[in-house]
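Subject: Handover of a protein structure

Dear colleague,

Please find below the structure that I am handing over to you.

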Amino acid sequence: MALKRYLTEMGMGVDVHGGDYTKAAKRAVSDAIRHSSINFFPHIDYTRDDMQLKVKIGVKKPEQVDIAAVAGEFPYGNVEVTPEVGGIDVLSENGKDLMVVANCVVLVCFENERENK
């Protein structure tokens with residue numbers, strides 16, 4: 001089914017010590033969704049549970065992101081997480097610690113099949 005995008009949210013998260021790509025990704029999601037409040041539900045024929053959330057996570061090693069853990073950050077909706085190559089890795093001066101910077105985009109969509117009121 002075709003989806004129609006209603007909102008786009010962006011965020012950035014960092015694991016300052018430890019090189020944890022999932023932790024950085026979860027923080028990026030938190031940054032994106034904690035700065036918004038979706039207030040249009042009384043005006044459309046959808047509920048929070050109808051949301052289709054398309055989440056793109058950018059990190060240097062996308063295969064190291066725990067997709068289920070990132071999806072668990074969302075309190076509502078059907079979540080699809082797609083890690084992609086992006087973000088920034090920063091080694092400490094002594095090369096023994098890794099800072100991971102993750103970016104995310106959250107696309108809030110609804111099925112286009114239904115008509116809005």
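A disulfide is a pair of cysteine sulfur atoms within 2.5 Å, and a search of the whole structure finds zero disulfides. Cys109 is likewise in no disulfide, with the sulfur of Cys104 as its nearest at 14 Å. The relative accessibility is 3% for Cys104 and 7% for Cys109.

Two remarks on the source are needed here. This is a predicted model, in which local features need pLDDT of at least 70 and side-chain atom pairs count only at pLDDT 80 or more, while totals for chains, interfaces and linings use all residues. Residues are numbered from 1 along each chain as its sequence is written, and side-chain values use heavy atoms, with hydrogens and water left out.

Overall architecture

The protein has two helices and five strands, arranged along the sequence in the pattern β-α-β-α-β-β-β. Helices (H or I, at least four residues) and strands (E, at least two) are DSSP runs, numbered from the N terminus. The C-alpha atoms fill a box of roughly 60 × 25 × 20 Å, taken along the principal axes. Of the 117 residues, 35% count as buried. A contact means heavy atoms within 4.5 Å; among contacts between residues at least 6 apart in sequence, 79% join residues at least 24 apart.

The nonpolar core

A nonpolar core is a set of buried Ala, Val, Leu, Ile, Met, Phe, Trp, Tyr and Cys residues joined through side-chain atoms within 4.5 Å. In soluble globular proteins, nonpolar side chains tend to be buried together. The largest core in this model has 27 residues, and those with the most contacts inside it are Val29, Val55, Ile57, Val106 and Phe110. Helix α1 and strands β2 (52–59) and β5 (98–111) each supply at least two residues of this core. Leaving aside neighbours within four places in sequence, Phe110 is in contact with several residues, including Leu3, Tyr6, Phe40, Phe41, Ile44 and Met51.

Ala28 is found in helix α1 (residues 21–33). Is this residue buried or exposed? Ala28 is buried, with a relative accessible area of 0%. Not counting residues up to four places away in sequence, Ala28 touches Gly11, Met12, Gly13, Ala102, Asn103 and Cys104.

Gln52, in strand β2, counts as buried at 14% relative accessibility. Beyond its neighbours within four places in sequence, Gln52 is in contact with Leu3, Asn78, Leu107, Val108 and Cys109.

Charged residues

A salt bridge is a side-chain nitrogen of Lys or Arg within 4 Å of a carboxyl oxygen of Asp or Glu. How many salt bridges does a search of the whole structure find? The search finds three.

- Lys26 and Glu73 meet at 3.8 Å, N to O. This pair links distant parts of the chain, with Lys26 in helix α1 and Glu73 in the loop between α2 (67–71) and β3 (78–85), 47 residues apart.
- Lys54 and Glu80 meet at 2.8 Å, N to O. Lys54 is in strand β2 and Glu80 in strand β3, 26 residues apart. Lys54 is partly exposed at 24%, and Glu80 is partly exposed at 41%.
- Glu84 and Lys56 have their closest N and O atoms 3.6 Å apart. Glu84 is in strand β3 and Lys56 in strand β2, 28 residues apart. Glu84 is partly exposed at 33%, as is Lys56 at 40%.

Asp15, in strand β1 (residues 3–15), is buried yet has no salt bridge. The nearest side chain of opposite charge is that of Lys23, 4.0 Å away; here Lys and Arg count as positive and Asp and Glu as negative, while His and the chain ends are not counted. A polar atom of the Asp15 side chain lies 2.7 Å from the backbone nitrogen of Asp20.

Definitions and conventions:
Buried means under 20% relative accessible area, exposed over 50%, partly exposed in between (1.4 Å probe, protein chains only). A polar contact is a pair of N or O atoms within 3.5 Å; within protein, one must be able to donate a hydrogen and the other to accept it, and residues adjacent in sequence count only if both atoms are side-chain atoms.
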